[in-house]
Amino acid sequence: MKDDIFISAERGKARIVAGKHRQTGQVVFPRPQGAEEDDFQRIELPPSGTLWTYTVQRIPPKNPPFAGVNSPEDYQPYAVGYIQFGDQVMIEGRIAGDPDSLEIGMRMDSVTLSFPTPDGAEMTTYAFAPANGRRS
Amino acid sequence: MNDVYVIGAGIHPFGRHEGKTGLDLGVDATKLAVEDSGIAWEDVEAAFGGSSASGNADAVLPRMGLTGIQFINVANGCATGGSSVLSAYWAIKAGEFETALAVGFDKHPRGSFNPDPVRYGLPQWYGETGMMLTTQFFAMKIQRYMHDYGISTKSLAKVAAKAYDQRSVDAIYVLQPIGGRGRPDPGV
């Protein structure tokens with residue numbers, strides 16, 4: 001998913017890759033692939049946006065489709081949310097760090113996040129973290 | 001346009017019922033609804049219904065009796081029951097039928113739903129990273145709603161308590177036309 005969806009930046013930051021419609025200017029995420037691909041220009045979103053809503057996933061998701069550790073003993077709840085990038089687009093993503101510190105409207109940076117998979121490897125995805133805040 | 005009335009309703013109790021299939025629950029509810037209506041099954045002219053995990057809802061037909069009516073299977077996620085009622089409402093309102101059945105039933109394994117993201121037009125990573133969850137989506141929706149309208153967690157808890165109270169999910173209906181301005185009454 002890397003490069004098609006996001007690119008890594010320095011100090012754990014990331015930039016979200018989206019598509020901008022060549023005629024209408026509409027921004028969509030993820031950037032369409034296949035038949036519609038040529039209609040969209042590849043763009044990078046600004047490095048940060050604002051938190052529109054969020055929640056904490058306390059019930060372990062099933063595998064598949066979830067690739068993370070979901071056994072009752074080892075499952076770690078995680079936050080997810082929608083981040084608004086101006087009036088262009090909202091992106092749903094994992095939120096890194098302490099869910100208790102989250103407040104709707106706060107500034108969020110695009111970052112990378114790695115989480116362990118049951119086979120001992122890890123999966124890296126884009127995520128968001130409170131701007132200038134501590135990250136776990 | 002015909003006025004549309006709910007003339008009968010039936011419900012199987014919620015819960016985990018060992019030894020009964022989802023279809024069994026649907027057939028029980030259908031029988032209760034027909035009995036409640038006071039008309040015979042043979043007088044039901046059309047049927048709409050759905051099930052997510054318990055097969056095709058039209059399997060109710062052979063159990064009720066093959067009267068030759070059309071049964072349209074409806075698949076609209078959590079809104080399948082509502083969409084079935086709406087379909088029956090439109091069919092009667094349009095004058096195509098005098099009577100119709102709307103039915104929905106399901107049995108799910110414990111834990112979260114685990115749909116295949118690709119079947120929903122979503123990339124596989126959407127599920128792999130832990131975002132393909134129905135309750136998560138609804139939680140985020142209500143979180144924003146609470147923020148916008150100043151709703152407290154206590155108010156939300158009261159709504160949840162009401163919804164979990166079995167008495168509130170017992171079938172209710174009123175003998176007055178549903179609809180008005182082209183929309184079904186949300187209270188029915």
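1. Two strands are said to pair if DSSP finds at least two bridges between them. Strands here are DSSP runs of E with at least two residues, helices are runs of H or I with at least four residues, and both are numbered from the N terminus. In chain A, T55(A) stands opposite V80(A) in β6(A). Strand β5 (residues 48-57) of chain A and β6(A) pair in the antiparallel sense over seven bridges.

2. This is a predicted model, in which local features need pLDDT of at least 70, side-chain atom pairs count only at pLDDT 80 or more, and totals for chains, interfaces and linings use all residues. Residues are numbered from 1 along each chain as its sequence is written, while chains are lettered from A and ligands numbered from 1 in the order in which they are written.

3. On its other pairing, β6(A) joins strand β7 (residues 89-95) of chain A, antiparallel and over seven bridges. F85(A) stands opposite V89(A) in β7(A). Three residues lie between the strands of this hairpin, and G86(A) takes a positive phi near 55° there.

4. Strand β6 (residues 78-85) of chain A is mostly covered, with seven of its eight residues buried (20 or more other C-beta atoms within 10 Å of the residue's own, C-beta atoms being placed from the backbone).

5. The contact between the chains takes 24 residues from chain A and 21 residues from chain B (C-beta atoms, placed from the backbone, within 7 Å). On the side of chain B that touches chain A, the elements giving two or more residues are α4 (124-128) and α5 (134-149) of chain B. The largest share, six residues, comes from α5(B).

Methods. A residue is buried if 20 or more other C-beta atoms lie within 10 Å of its own, exposed if 12 or fewer, and partly exposed in between; C-beta atoms are placed from the backbone. Two residues are in contact if their C-beta atoms, placed from the backbone, lie within 7 Å.
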